[in-house]
Amino acid sequence: MKKRRLEYFIELILKACAVVTILTTIGIIWVLLSESLTFFKEVSIKDFLTDTEWTPLFAKKHFGILPLISGTLLTTFIAVCVALPLGLVIAIYLSQYAPKRFRKIIKPLLEVLAAVPTVVYGFFALMVVTPFLQNLIPNMAGFNALSAGIVMGIMIIPFVSSLSEDALQAVPKSLKNAAYGLGSTRFQTSFRVMVPAASSGIIVSVILAFSRAIGETMIVAIAAGQQPRLTANPLVPIETITAYIVQVAKGDVPHGTLEYRTIFAAGITLFVFTFILNNISFWIRKKYREQYD
Amino acid sequence: MTNSKKNRIKDKLFEYFGIACTFFGLVMLAIFIGNILIDGLTRIDLDFLQNLPSRKPEKSGILTAWTGSLWILCFTTLIAFPLGVAAGIYLEEYGKKSSLSSLLEVNISNLAGVPSIIYGLLGLEIFVRVFSLGNSILAGAFTLALLILPIIIVATREAIRAVPPSIRAASYGLGASKWQTVWHQVLPASMGGIFTGVILAISRAVGETAPLIVVGALAYVPFTPSSPMDEFTVMPIQIFNWVSRPLHGFTINAAAAIIILLLITFIMNGIAVYLRNKWQKKISW
Amino acid sequence: MTNELNYILESKNVNVYYGELHALKDINLKIQKNSVTALIGPSGCGKSTFLRVFNRMNDYIDSFKIEGDVFMEGQNIYDKKVRVDELRKNIGMVFQKPNPFPKSIYENVAYGLKIQGIKDKEFLMDRVENSLKQAALWDEVKDDLKKSALALSGGQQQRICIARALAVEPNVLLMDEPTSALDPISTAKVEELINELKEKYTIVIVTHNMQQASRVSDNTAFFYMGDLIEHAKTEDIFRNPKKERTQNYITGRFG
């Protein structure tokens with residue numbers, strides 16, 4: 001009996017450890033909700049969503065999240081524009097063209113791109129990419145969405161490429177053989193057969209890249225500026241949601257003030273974006289897994 | 001030109017294009033690392049490692065930063081490793097088909113996608129305020145532990161799944177209980193994969209900046225921590241702080257600190273890859 | 001009373017279901033002590049499932065359901081009071097594919113004892129040596145007991161698995177097609193071994209190989225589509241089977 005009780009006890013401990021992850025989620029939602037609910041008692045949700053200025057730290061306060069959202073989406077869009085074509089071509093090349101040995105060496109190397117700390121990429125964007133781009137575009141500001149977005153794009157290349165490659169590898173071999181059997185070149189096979197067949201997996205990789213870019217913090221905090229601005233111009237300083245949170249957390253905003261709560265209101269906005277994107281990708285992945293099983 | 005010839009040329013062109021794209025990111029990284037090495041390599045000496053931060057860039061060092069990172073690394077590992085492995089074991093070996101497991105599964109995949117800065121907000125409210133740990137190493141370590149938990153759980157599950165069911169059958173067949181089978185057979189056989197995942201997760205934690213800024217790690221700490229309740233800074237925050245200063249000397253310092261941070265990150269990743277290969281060779285079922 | 005002594009295992013009206021599938025239908029079978037009983041039949045006939053009924057290895061399959069009683073020396077092994085780990089110490093099992101643990105030869109054989117909490121080094125070494133001798137492997141491996149079991153040949157691996165099962169001194173040894181993954185020479189060794197082991201153990205063996213069944217077993221049970229068609233002395237089954245199905249199967253007309 002002793003042994004059986006021990007077994008039961010161990011299972012209970014293991015289960016408790018697993019449940020920590022659920023508590024984490026509950027904790028995140030509770031923290032974001034409770035602080036931002038207090039925030040929304042003082043600032044109306046309508047102002048929050050429609051006001052075009054975000055100046056909570058100034059004397060004349062505005063609490064419109066739109067400038068932060070536009071900053072976030074702008075850098076994200078630039079990043080995805082860099083990472084999506086590159087990542088996709090790499091995935092197709094590695095899965096359809098590259099010799100096996102080359103693939104084995106190059107894949108871990110590509111992963112290195114994702115392993116580099118983001119603060120390092122921030123330095124890269126500010127100190128290398130921006131001066132370089134300023135040579136080409138003289139009126140570009142020192143802080144701007146463009147270099148931050150490009151560097152972020154380089155960082156998320158391995159996300160897109162490895163997820164897309166997995167999707168391409170999951171396409172049944174018979175399909176590929178059928179295409180080759182009809183005399184297609186690798187190029188035709190890739191784009192007419194493989195990519196369409198793997199499209200759901202590729203879409204997942206794009207969504208996750210979006211989600212990743214939206215939540216990225218240090219690159220934009222260092223290189224994109226701290227000026228919330230409702231603009232689509234990639235050459236001027238902007239501010240993203242994440243960079244704003246860093247800006248406030250870095251300073252000495254006292255706990256319990258309205259300014260302090262703005263970071264939770266910004267946080268919940270960010271969370272909602274990534275949560276929706278992640279769930280869409282999870283849902284697609286689940287559906288498409290069923291497809292091939 | 002015939003159609004098939006055109007097709008063949010297109011095919012070949014795409015191949016070269018693919019090679020170019022594959023190397024694009026790596027070349028950028030190489031350019032960048034080269035740049036940093038030129039900027040920062042000469043700045044690294046013993047003094048740089050032993051000096052406290054200072055207002056003068058030439059006198060500044062990263063002593064508080066790297067000791068802080070070391071403290072954070074140790075405590076994050078101590079918290080996340082047992083939690084993550086235990087949770088992974090539970091999901092893979094125990095709660096296979098329960099509704100709790102499917103909830104856990106969705107939840108973990110969701111957590112893996114939550115931006116790191118959100119974990120910072122969680123840590124700020126829960127660990128800094130509710131548990132009143134203050135802006136301490138412990139608060140930072142708990143925050144980062146939760147952040148890397150999904151990575152460790154996923155790695156543990158993959159490693160455990162790679163152990164063939166016949167090993168479990170053999171163990172059960174000899175009268176072993178579930179936990180005995182897990183402890184004596186499944187875990188030893190999957191340790192390589194688990195360690196690989198844990199090292200990768202820790203290396204991620206070492207490079208994290210945003211959540212620690214939010215839980216209140218300081219940019220300027222004039223002393224090295226002596227207990228887990230002390231205030232602290234870490235390498236990435238020191239770098240962030242120096243990058244934001246206009247003085248050129250600080251940029252040099254940032255480059256030098258980046259070299260060291262990258263060295264740590266690459267070494268850890270190297271160890272992880274080495275471990276993975278070694279284990280794969282040792283056990284071939 | 002003599003019956004009780006002679007039969008060590010007995011199944012009474014055993015029905016097994018995997019979800020919708022009725023895998024075993026009303027099986028009544030007694031297994032004689034210190035004999036070798038072969039379970040034969042075409043793939044999917046339920047013979048492996050039946051083998052696993054005796055050490056409750058089917059319990060891990062989600063949709064598995066059993067009705068009826070299974071006795072070992074008079075004790076119902078599906079009784080709630082029965083501890084599965086105790087049961088399996090008494091009923092060892094050897095699997096289709098050699099499945100040594102990725103550990104040393106010594107650790108493999110000693111594992112069953114160690115998990116019982118036995119720590120005495122001398123005792124363990126004694127048992128390991130003894131079991132390896134019984135498995136006719138001692139002379140081949142005695143000098144490198146520390147070597148990984150995975151480094152051995154397939155035949156040696158399977159004999160390690162047999163030694164591992166013997167080390168806990170079971171009464172019964174269940175063998176699920178133990179030679180199907182082995183070459184002919186290793187197969188011959190394992191068959192020889194089975195002949196020696198029946199002096200001390202009761203052996204139930206599932207096999208696809210008719211010649212093997214006739215070579216090693218005393219009794220043979222023929223299964224077809226979840227039914228036990230015929231159970232008799234091996235020579236009777238092979239010389240003059242009573243049922244036409246058995247006749248057809250052993251003469252190779254289907255299978």
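So, contact range in chain B: take contacts, meaning heavy atoms within 4.5 Å, between residues at least 6 apart in sequence, and 74% of them join residues at least 24 apart. For chain A, that share is 71%. Before I go on, this is a predicted model, where local features need pLDDT of at least 70 and side-chain atom pairs count only at pLDDT 80 or more, while totals for chains, interfaces and linings use all residues. On bookkeeping, residues are numbered from 1 along each chain as its sequence is written, chains are lettered from A and ligands numbered from 1 in the order in which they are written, and side-chain values use heavy atoms, with hydrogens and water left out.

Okay, secondary structure. Chain B has 11 helices and zero strands, and chain A has 12 helices, again with zero strands. The C-alpha atoms of chain B fill a box of roughly 75 × 70 × 35 Å along the principal axes.

What about burial? In chain B, 59% of the 285 residues are buried, and in chain A it's 55% of 293. Buried here is under 20% relative accessible area, exposed is over 50%, and partly exposed is in between, with a 1.4 Å probe and protein chains only.

Charges next: chain B carries 22 positive and 14 negative side chains, and the centres of the two sets sit 10 Å apart.

Now the interfaces. How much area do chain A and chain B bury between them? About 6700 Å², 79% of it on carbon and sulfur atoms. That's the accessible area, with a 1.4 Å probe, that two parts lose on being put together, summed over both. In residues, 74 of chain A are in contact with 75 of chain B. The rule finds two salt bridges across that interface, a salt bridge being a side-chain nitrogen of Lys or Arg within 4 Å of a carboxyl oxygen of Asp or Glu. One of them pairs Arg186(A) with Glu15(B), at 2.9 Å, N to O.

Over at chain C, chain B and chain C bury about 1700 Å², with 66% of it on carbon and sulfur atoms. On the chain B side, Tyr172(B), Leu174(B) and Gln185(B) lose the most area to chain C, together 35% of what that side buries.

Key
Helix = DSSP H or I, 4+ residues; strand = E, 2+ residues; numbered from the N terminus. Lys, Arg positive; Asp, Glu negative; His and termini not counted. Charge placed at Lys NZ, Arg CZ, Asp CG, Glu CD.
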